[in-house]
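Hi,

Here is the structure I said I would pass on. Have a look at it first, and then read on for what turned up.

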Amino acid sequence: MELPTFLTMLALGRFAIGLAPIVAPVHASRLLGFPPEHDNPTSRLMARLFGVRDIGLGAIVLADLGDPAALRRALWLNLAMDLGDALMIAIPLVRRQGIARAAALSLAFALGGAAAWTVALVWQAS
């Protein structure tokens, strides 16, 4: 596999993760394991805002595929977002706020993404 193909796959993964809460917020929430009582217009709005963010992060990668310096910044940005997400997701886990399943699955996504962006950064540097 070539690096641009790998990066396109990562970007498309971001799009899918971003689109899920926009087009099917209730199903996305259930798949992650959030309690049904947490499903309300406020939580759906916040999920959609994060969805837009993920779509934008993927779009930046695709837009920068032809510019190595810009691409490197895009990869670092994606890595920083996933690490920031992981840190924020850890808070309800540590505080035992009743969303352990949803937080653990979300943490797995964030750490998996961080690992993938790290691989991309190392690959691009070589």
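To start you off: is Phe6 buried or exposed? Phe6 is buried, with a relative accessible area of 16%, since buried means under 20% relative accessible area, exposed means over 50%, and partly exposed is in between (1.4 Å probe, protein chains only).

Before the rest, some housekeeping. This is a predicted model, where local features need pLDDT of at least 70 and side-chain atom pairs count only at pLDDT 80 or more, while totals for chains, interfaces and linings use all residues. Residues are numbered from 1 along each chain as its sequence is written, and side-chain values use heavy atoms, with hydrogens and water left out.

Now the inside of the model. Phe6 is among the residues with the most contacts inside the largest nonpolar core, along with Leu7, Leu10, Val61, Leu75, Trp117 and Ala120. That core has 15 residues; a nonpolar core here is a set of buried Ala, Val, Leu, Ile, Met, Phe, Trp, Tyr and Cys residues joined through side-chain atoms within 4.5 Å. Helices H1 (3-23), H4 (68-94) and H5 (100-125) are the elements that give two or more residues to it. Helices are DSSP runs (H or I, at least four residues), as are strands (E, at least two), and they are numbered from the N terminus. There is also a second, separate core of seven residues, including Ala86, Ala102, Leu107 and Ala110.

Touching, or contact, means heavy atoms within 4.5 Å.

Trp123 is partly exposed, at a relative accessible area of 30%.

Next, how the helices pack. H3 (residues 41-63) and H4 meet at an angle of about 155°, with their axes 9 Å apart. Axes are lines fitted to C-alpha atoms, for helices over the stretch in contact, and angles run from 0 to 180 degrees between N-to-C directions. The contact is made by Arg53, Leu57, Ile60 and Val61 of H3, and by Leu71, Ala74, Leu77, Asn78, Met81 and Asp85 of H4.

The axes of H4 and H5 come within 8 Å and cross at roughly 160°, so H4 is roughly antiparallel to H5.

Asp85 deserves a click: this residue of helix H4 is buried, with a relative accessible area of 18%. Asp85 touches Arg53 and Ala110, again not counting residues up to four places away in sequence.

Finally, go to Arg96, in the loop between H4 and H5. Its phi is near 50°, a positive value in a residue other than glycine. Arg96 counts as exposed, at 75% relative accessibility.

Cheers

How values were computed. Angles under 35 degrees count as roughly parallel, over 145 as roughly antiparallel, 65 to 115 as roughly perpendicular and the rest as oblique.
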